[in-house]
Amino acid sequence: MREEERASLYNLEVYGEVNEFLNKLSAARRESPYRNIPVPHILLGQDEGEGFSTFASQTTEILYKNHVIEFRSKMRLVECTFCQEINVNKLKEKIRYGTVITNVFYGVVAIDLKISLSRVEKDVLTEFIQFLKTNKDNICFLIRVNKDELEEARCFMEGVLNMNFYCVSIPRITCFQMADIAAEWMKKDGFGIDSEAIKVLQKTIEILQTQKQYCGLKTIRQLVERIELQHLMFSDTKKDQNISAYEISDFTDRILSTELVHSENSRRGRIGF
């Protein structure tokens, strides 16, 4: 199970609301086949690294199975991430790759906006707006923004673009839930971890987050892998696959006092390994 798939288990209620919305749309299409029902668009307020790709895949499957939109392309889903700038040409290229003979993409486009719309250059934003407007009737857009920018993005999409988005805010995954996810990864990797070690792991995650750094599930996955590697390097026997609270605490002390503090700050305030 990927980290994002695991994360999605903690957001079933919110995803359920989206599913209900799409199912109602599907029912409306079946009951009134000749009624002009717009292609749905979803704006997601969600922390980075907490399940957007999984959400996009699940939503695409629902749309496809329920015939909510018309799929006539080689690929059902195209994903694109923008970190420091919006590159419309990159987005168009990905869509062209997934298009078939019609020369028009019919499917879902998931756009992960790691950059605030307010920071996008005016000419680039104008091109992005035009792209969304041109394709809103044949593409279902799923757009992720940071939770604290959801309302601003909603006003922009509905005001400037005149596009109706179904807006949903995904709750943050707590430190306790992240520690639980990390423990499940360790068990899946063949390592044992008891309740005391999980508590220390939770404390480690809390420390990382209180440093006001980025600490998503991908970072936690990397943390888990390095703890496991350390255990394999220094355990007395290959048969000893139980990771202790002391090991996690010792490893945490070292990474926080050395490379994490220095390397993370150099990457736009994110914790990296």
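Predicted model: local features only at pLDDT ≥ 70, side-chain atom pairs only at ≥ 80, totals over all residues.
Rings of Phe, Tyr and Trp, the last taken by its six-membered ring, count as an aromatic pair if their centres lie within 6.5 Å.

**View A. The stacked rings of Phe21 and Tyr166.** Phe21 belongs to helix H2 (residues 12–31), whereas Tyr166 belongs to strand S5 (residues 166–169), so that the pair links distant parts of the chain, 145 residues apart. Phe21 counts as partly exposed, with a relative accessibility of 24%, and Tyr166, at 22%, counts as partly exposed too.

**View B. The edge-to-face rings of Phe131 and Phe141.** Here the ring centres are 6.0 Å apart and the planes stand at 70 degrees, which is why the pair is described as edge-to-face. Phe131 lies in helix H5 (residues 122–135) and Phe141 in strand S4 (residues 139–145), so the contact ties together parts that are 10 residues apart in sequence. Both Phe131 and Phe141 are buried.

**View C. Charged ends over the rings of Tyr97 and Tyr64.** The charged end of Lys74 sits over the ring of Tyr97, at 4.1 Å from the centre of that ring. In a second example, the charged end of Arg76 sits over the ring of Tyr64, and the distance to the ring centre is 3.5 Å.

**View D. A nonpolar patch on the surface, formed by Leu229, Met233 and Phe234.** Together these three residues have about 370 Å² of accessible area. One of them, Met233, is found in helix H9, which covers residues 217–234, and Met233 counts as exposed because its relative accessibility is 55%, where the cut-off for this class is over 50%.

**View E. The cysteines Cys167 and Cys155, whose sulfurs are too far apart for a bond.** The closest cysteine sulfur to that of Cys167 is the one in Cys155, and the distance between them is 8.8 Å, whereas a disulfide needs two cysteine sulfur atoms within 2.5 Å. By this rule, the count for the model comes to 0 disulfides. Cys167 counts as partly exposed, at 26% relative accessibility, while another cysteine, Cys140, counts as buried because its relative accessibility is 1%, with the limit for buried residues set at under 20%.

Methods:
Residues numbered from 1 in each chain as written. Heavy atoms only, no water. Buried < 20%, exposed > 50% of the residue type's maximum accessible area, 1.4 Å probe, protein only. Patch = residues over 30% accessible without salt bridge, like charges linked within 9 Å, V, L, I, M, F, W, Y side chains within 5 Å. Areas by Shrake-Rupley, 256 points an atom, 1.4 Å probe, with all protein chains shown as cover. Salt bridge = Lys/Arg side-chain N within 4 Å of Asp/Glu carboxyl O. Helix = DSSP H or I, 4+ residues; strand = E, 2+ residues; numbered from the N terminus. Phe/Tyr/Trp six-rings, centres within 6.5 Å; stacked < 30°, edge-to-face > 60°. Lys NZ or Arg CZ within 6 Å of the ring centre and 35° of its normal.
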